[in-house]
Amino acid sequence: MALAALGVVYGDIGTSPLYAIRESLGEHYGLSAGRENVLGVLSLIFWALIIVISIKYLTYVMRADNRGEGGMIALTALVAPARRMRPGSRRWTLVLVGLFGAALLYGDSMITPAISVLSAVEGLKVATPLFEPYVIPIVIAILVALFAVQSRGTAGIGKVFGPVTFLWFTTLGALGLYQIVQRPSVLAAVNPLYGVEFFARNGWPGYLVLGSVFLVVTGGEALYADMGHFGKKPIRFTWFALVLPALILNYFGQGALILGNPAAVEHPFFLMAPKWALLPLVALSTMATVIASQAVISGAFSLTRQAVQLGYLPRLHIEHTSDRQIGQIYIPSINWLLMLACIGLVLGFRSSTNLAAAYGVAVTTDMVFTSILFAFVARARFGWAPWKVGLLIAGFLVVDVGFWGANLVKIPNGGWFPLVIAGAFFVAMTTWKTGRQILADRLQGRTLPIKLFLADLEGSRYTRVAGTAVYMYGNPEGTPPALLHNLMHNKVLHERVVLLTVETDEIPVVDDDQRVTVSELGHGLHRVVLRYGFKEDPDIPLGLEQARTHGLVFKPMETSYFLGRETLIASKNPGMALWREHLFSVMSRNARSATSFFGLPPNRVVELGAQIEL
């Protein structure tokens, strides 16, 4: 698991040495690559890795797991369970913060593959200028291949990528160690005073350098989002045993090289290698950047699944790629959307330096939101004292807001892209959630309470037919509209009727002994509630099989499933803006069918329609 985690989780943060030092000491800040500036930047990089990754994420934030699952949606579910919130409340505000933070990860998932692969392939230009016209086509070909293999799943990819990533980190450490041995004085940068003096000496331009220094910790959020794939222990062990030492050695090695040759600042990573090793290093770098992209792609899949199960996105087609690991999934629609966006970014920005301007805004904003949400989790869930929470989060926010402010200046030069993507996903998620609530309210207004329906059955002479009818409805206290429509049009009632409600809890997995609740209502009617976690896919036939232990026995081949199918009509009724109602209708029409999503046998399903004005 540690080797697989190395191949999937740490790819993103492990390829930052390709461009982080180059961008931090680049001429666009107007700072020289002199000794004091080099040591200052190295000091900032060293302490960023320690504070942001080692302390904040691996020591504290990963404690806030939702029964093993991480990421912004899981964190939001911990601090603000959806069924206990109302618009305008503090918890609703926290949900909005969490949703926007989650939406930002989609922008990051598009930029990371583009900048990582582009920065590696650009190493060919260091070897010979003859490759320059072929850089963009090579990058696009690699990206297409990367997304084409996603359907194999993260377990299979991790087995292939793990050994390559191990070789990559070993190479990082070896290259850096060789340079450090030549100039051991570079190790003085461990002293944080060099970072403080860097700010004091360079003023505003020195502060803006934080926007590039932050590149060394991008991947922290993807690391947290991938926690559900591999667990805490393999992720923590791999970081402290291999990843952190290799990164520090390489960054300090690049600094040592620049101390001896300031002109090497243009491509310090590749210039650390001897000439005979340059092309093999470019090849290894390219493989490593492909792996880097895997961390954020896996994170995007996990995030999307959680959003679907918690009702923030419509039903999507989700494929399971492992029989043993429930968290290993593949979502075709998200996969191809990310691929098209990555190719568009490569064609639009055309160099990793240009793309660096778009990188960082999304992740820094996300890290600020993570600190805020973690504060509420620590107080409400862990029961920590207010002074302890305040002191810890204040320390995190000083660092987070510092990085965030330095990245905000990138917005005009490309930082707008992840914000636009995040805005689009945020609008989609809030529209879907609000629309589903409005739809539920509209249906509730015309729903007949189950008690009145049972009372009506007392003296009725409906014809009872053999078999079992399962009526699905979200309100466990109401009578399913499909049942009323069936009685109205067909005048018959099955001898056994199951009123089924499926609930998704704000936990990853529901224990089997808490899965099914059965209540006998009389007149051959039974109320069944099936509960699932947000990491689980509902399987209704299997869930009803578990109802046998509660005395509800029926034959699957004599069972029919009745579903309501609403045709949504945008209106000027109170609720959402008209354009959002149209958007909700489009999303609803294009959602995965309930038959497929709930695992129902298609030849046993009957759909009864109704028109609903939003």
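M227 has 0% relative accessibility, so M227 counts as buried (buried means under 20% relative accessible area, exposed over 50%, partly exposed in between, with a 1.4 Å probe and protein chains only). Before we go on, two notes on the model. It is predicted: local features need pLDDT of at least 70, side-chain atom pairs count only at pLDDT 80 or more, and totals for chains, interfaces and linings use all residues. Residues are numbered from 1 along each chain as its sequence is written, and side-chain values use heavy atoms, with hydrogens and water left out.

**Exercise 1. Find the element that holds M227 and list what M227 touches.**

Step 1: Locate the residue. M227 is found in helix α13 (residues 227-230); helices (H or I, at least four residues) and strands (E, at least two) are DSSP runs, numbered from the N terminus.

Step 2: Collect its contacts, meaning heavy atoms within 4.5 Å. Not counting residues up to four places away in sequence, M227 touches M62, D65, G68, E69, G70, K232 and I235.

Step 3: Compare sequence with space. M227 and L278 are 51 residues apart in sequence, and their C-alpha atoms lie 35 Å apart.

**Exercise 2. Describe the largest nonpolar core and the surroundings of W239.**

Step 1: A nonpolar core is a set of buried Ala, Val, Leu, Ile, Met, Phe, Trp, Tyr and Cys residues joined through side-chain atoms within 4.5 Å.

Step 2: Count. The largest core has 183 residues, and Y10, L49, F169 and W239 have the most contacts inside it. Helix α6 (residues 90-121) supplies the largest share of this core, 17 residues.

Step 3: Look for another core. Apart from it lies one of 15 residues, among them F453, L454, L493 and L608.

Step 4: Zoom in on W239. Beyond neighbours within four places in sequence, W239 is in contact with Y10, I13, L49, I53, S54, L58, L244, P245 and L247.

**Exercise 3. Check the span of helix α16 and say whether it is enclosed or open.**

Step 1: Work out the expected span, which is 1.5 Å times one less than the number of residues.

Step 2: Check burial. Of those 32 residues, 28 are buried, so α16 is largely enclosed by the rest of the structure.

Step 3: Look past the end. Just after α16, G311 takes a positive phi of about 85 degrees.

**Exercise 4. Classify the packing of α4 with α20 and of α6 with α21.**

Step 1: Read the geometry. Helix α4 (residues 35-60) and helix α20 (residues 386-408) pack at an angle of about 130 degrees, with axes 11 Å apart. Axes are lines fitted to C-alpha atoms, for helices over the stretch in contact, and angles run from 0 to 180 degrees between N-to-C directions.

Step 2: Assign a class. The helices α4 and α20 are therefore oblique to each other; angles under 35 degrees count as roughly parallel, over 145 as roughly antiparallel, 65 to 115 as roughly perpendicular and the rest as oblique.

Step 3: The crossing of α4 past α20 is left-handed, a word used if the near helix is turned anticlockwise from the far one by less than a right angle, with right-handed used if clockwise.

Step 4: Name the contacts. From α4, A48, I51, V52, I55, K56 and Y60 meet L392, F396, V399, D400 and F403 of α20.

Step 5: α6 and helix α21 (residues 416-445) pack at about 135 degrees, with their axes 8 Å apart. That makes α6 oblique to α21. Here α6 passes α21 in a right-handed crossing.
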